[in-house]
Amino acid sequence: MSIHKIHSICGMCTVRCPIQVETEHGEIKFIKGNPNVPAMKGAICPRGAAGKALITDSERPQSPMIRVGERGEGKFNTVSWDEALNFVAEKIKGVTERYGSRSIAFSDRGGPFQDLHKAFVKGLGSPNFCNHDASCARNVEHACLSFAGIGRKDLVYDLKNAKHVVLQFRNIFEAVNVQEVNNLMDAMESGCKLTVIDVRANISATKASRFMMIRPGTDYAFNLAVIHELLAQNLYDHKFANLWIKDLDKLNAFVKPYSPEWAETETGIAAEEIRSFVRELAAAKPSVIWHPGWMMARYRHSFYICRSIYIINALLGAIGTKGGLPLANKPVDVGKSGLKALADLYPKPSEKRADGAGWRYPHITEGVGLAHLMFQAMESDDPYPVKAYIAYRHDPLTGFPEPDRLKQIFSKLELLVSVTFSWSETAWFSDVILPLSPYLERESIIASNNGLKPQFFVRNRAVEPRYDTKSDWEIISGLARCLGLDALSFSSIEDIWNYQLQQTGVAIEDFKATGFVQLASSPKYRAMEELKFKTPSGKLEIISEKLEKQGLPSLLPYTSPVRPPEGQFRLTFGRCALHTQGHTVNNPLLFEQMPENVLWINTKSASALKISDGDTVVVSQNGYSEIIQAKVTDFIHPDAVFVVHGFGHTLPVESRAMGRGLADNKFMKGGLDIWDPAGGAIAFQEHFVAVTSANKN
Ligand SMILES: Nc1nc2c(c(=O)[nH]1)N[C@H]1C(S)=C(S)[C@@H](COP(=O)(O)OP(=O)(O)OC[C@H]3O[C@@H](n4cnc5c(=O)[nH]c(N)nc54)[C@H](O)[C@@H]3O)O[C@H]1N2
Ligand SMILES: Nc1nc2c(c(=O)[nH]1)N[C@H]1C(S)=C(S)[C@@H](COP(=O)(O)OP(=O)(O)OC[C@H]3O[C@@H](n4cnc5c(=O)[nH]c(N)nc54)[C@H](O)[C@@H]3O)O[C@H]1N2
Ligand code: SF4
Ligand SMILES: [Mo]
């Protein structure tokens with residue numbers, strides 16, 4: 001027997017779970033959770049298990065390609081890596097000469113390996129490094145920054161020790177992070193309560209001790225009533241509030257009118273239910289986690305929903321607390337040195353960002369900006385032309401509204417490059433496709449995970465690439481070589497790892513046994529008095545000066561959402577356990593499990609439209625329509641319809657996924673301009689669709 005066991009990192013979704021891969025004769029035999037990580041319990045999710053099928057699937061880009069036909073026509077020449085990298089480098093040089101280095105934009109998908117990409121974009125001299133987050137968690141990030149002065153990931157969700165977990169806009173049991181699921185299940189076995197507030201009964205709701213179905217768009221009303229009740233009934237944590245919450249009196253005055261009775265008329269949730277829920281929460285304090293949300297790019301005021309959630313957590317004394325949202329430790333917090341950043345290889349470019357982050361919008365952090373405003377800069381040449389764009393592990397034609405408008409915008413570019421391991425609508429529209437080896441066929445730079453026990457971890461290559469594809473570091477180093485960026489032209493991954501580890505006292509060999517290096521032996525919590533927040537006052541700030549200076553209120557008065565006209569519904573969406581965003585629909589194993597999405601619609605609304613369960617229906621908006629199968633159910637609010645995101649692919653190279661299901665982002669007319677002015681993210685759920693039976697009689 002020659003079974004090899006390799007510790008690596010899953011790449012089927014953004015969570016990046018630690019895995020153990022078993023190979024024999026250079027083939028993947030089995031993938032499971034890394035047994036050295038107790039919270040994995042040896043498990044992975046269905047998508048992680050389907051990683052094997054990604055490797056053997058021939059319907060993925062197999063070699064570098066340069067477009068020969070019209071954009072989007074799908075005609076490419078297969079070329080060598082040298083040719084492809086030189087082609088991209090020459091185009092970048094040309095654009096830089098004509099418009100300056102600031103005219104190059106790059107977007108990736110965030111996460112633990114982005115340091116390499118940041119270094120590359122800084123090396124090019126462009127300030128325009130973006131990621132996908134304007135379509136995901138930017139509102140959560142900015143809400144946390146405005147309240148606590150730290151980013152959302154500086155707070156840990158200590159699910160294992162929680163006594164009450166609240167999921168609002170958060171579906172932990174389907175939008176999976178394996179360790180979170182296991183920790184929450186352990187806690188629930190020890191008596192932790194689970195409350196779910198959602199527009200539909202998802203899988204998390206089926207496991208909840210309390211489920212409240214809310215009218216879409218009214219969560220802020222619900223949360224204001226919870227704050228009202230916590231303060232009015234004196235149910236908040238006085239010691240924590242005295243120590244850490246600034247301007248509590250202003251909050252108190254603000255929430256006075258927002259009683260549970262008032263919220264009942266907005267949300268449809270009975271005042272008495274809100275009251276008993278608040279009492280239950282207060283009884284569990286401070287070991288409470290009201291999840292601040294993840295995919296919160298939904299409404300024009302989602303930032304304030306997130307902010308209200310952080311405020312509630314603070315009132316319950318849960319921020320910084322065991323069983324709540326304790327502060328994450330960086331290596332330095334446990335007496336260790338962090339990785340040396342590759343981004344330090346180059347100075348920060350002096351130009352302003354094209355998307356306005358940090359200057360036109362001083363309350364928006366510069367780091368990753370706002371991709372939709374980067375696209376608008378490409379469209380308008382304001383504040384300056386952006387002429388080259390590298391979409392790295394990013395498919396904006398699936399993940400942003402208005403793909404047709406985006407195509408027109410991308411048509412203005414002199415260079416569009418897609419770096420990807422699967423086909424995507426964006427790759428198909430690109431000038432150059434640089435095919436990345438799937439994660440089981442590549443190694444990555446060392447990553448650092450802050451947390452109760454901070455750690456470094458590494459992705460090892462489990463098998464050699466089947467096709468002519470390359471690792472991230474090979475692609476970036478290759479481009480760097482062609483562009484004369486010598487400091488980034490690494491010739492081996494070991495050189496990169498050694499560079500990163502140079503000040504840490506950790507060696508590559510230290511990763512051998514388990515795939516990671518723990519920097520602390522036990523979880524480190526801080527006492528309430530020892531918390532640290534990086535706001536101007538050092539406290540949790542109800543009033544944020546930064547927002548007020550921009551004319552944005554710290555406490556936004558509630559406005560009732562417009563109800564959809566008759567026959568129309570608010571289009572809501574989310575994830576399922578079997579697919580990741582848009583990029584797994586064509587995976588043979590996952591496609592077999594779930595080949596298309598269906599339209600959830602409430603039983604009463606459906607019967608008024610003469611639609612029965614399983615019927616084919618037409619979904620339309622502004623003259624655009626698609627057909628889909630209806631799932632008629634009592635378990636969704638009558639104002640909403642719901643689909644799993646990521647379907648409705650159009651590419652002939654994806655024989656399985658093509659034409660199956662509906663693409664939600666095509667029903668968002670004007671959506672690139674509809675975003676949350678305070679948090680910056682796209683407001684994806686400010687759109688209505690009409691639904692009719694496809695049955696003509
Ligand atoms: N309408 C609507 N829009 C949405 C959402 C929604 O629910 N509805 N969800 C939003 C959310 S939460 C997010 S996070 C975004 C996601 O948006 P994206 O980040 O664009 O989506 P993904 O499908 O995860 O990945 C994009 C591309 O990267 C490739 N890829 C995947 N992994 C890797 C990798 O490791 N390296 C490289 N180079 N390529 C890789 C994939 O094959 C895919 O082609 O979309 C957002 N947009
Ligand atoms: N299986 C799987 N897991 C994933 C991913 C994946 O693609 N597949 N993607 C990862 C990524 S990038 C992200 S961002 C996370 C997302 O993780 P989540 O944000 O938890 O996932 P979603 O399914 O987008 O949304 C959560 C819930 O919000 C509900 N919802 C919609 N509108 C409203 C509303 O107005 N009010 C309330 N209260 N609820 C509403 C939806 O019905 C859904 O049940 O998942 C991550 N994990
Ligand atoms: S949640 Fe599933 S797909 Fe995502 S990294 Fe973990 S095992 Fe992989
Ligand atoms: Mo996301």
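View 1. The shell around ligand 2 takes at least three residues from domain 2 (157-326 + 536-549) and at least three from domain 3 (568-696). Please keep in mind as you look through these views that this is a predicted model. In total, 33 residues surround ligand 2. Asp198, Arg298, Tyr299, Arg575 and His579 are the closest of them.

View 2. Zooming in on individual atoms, we start with a side chain: an N or O atom in the side chain of Tyr299 lies 2.7 Å from an oxygen atom of ligand 2. The backbone takes part as well, with a polar backbone atom of Arg575 at 2.7 Å from an oxygen atom of ligand 2. For Cys576, a polar backbone atom is 2.8 Å from a nitrogen atom of ligand 2. Ligand 2 would expose 920 Å² if taken alone, and the protein buries 100% of that area.

**View 3. Strand E25 and two of its pairings.** Here we move to strand E25 (residues 688-693), which pairs with strand E20 (residues 568-574) in the antiparallel sense over three bridges. To find your place in this pairing, look for Phe569, which stands opposite Val689 in E25. Strand E22 (residues 616-621) also pairs with E25 in the antiparallel sense, this time over four bridges. A handy landmark here is Ser620, whose bridge partner in E25 is Ala690.

**View 4. An open sheet of three strands.** The strands of this sheet follow the order E1-E2-E3, with antiparallel pairing. Strand E1 (4-9) and strand E3 (27-33) are at the edges and have a single partner strand each, so one side of each has no neighbour in the sheet. On average, neighbouring strands of this sheet are turned by 30° against each other, direction ignored.

**View 5. The pairing of E1 with E2.** How many bridges join E1 to strand E2 (residues 18-24)? There are six, and the two strands run antiparallel.

Methods:
Residues numbered from 1 in each chain as written. Chains lettered and ligands numbered in written order. Predicted model: local features only at pLDDT ≥ 70, side-chain atom pairs only at ≥ 80, totals over all residues. Heavy atoms only, no water. Near = heavy atom within 4 Å. Polar contact = N/O pair within 3.5 Å; in protein donor to acceptor, adjacent residues only side chain to side chain. Areas by Shrake-Rupley, 256 points an atom, 1.4 Å probe, with all protein chains shown as cover. Domains from an automatic or database assignment. Pairing = 2+ DSSP bridges. Axes fitted to C-alpha atoms, helices over the stretch in contact; angles between N-to-C directions.
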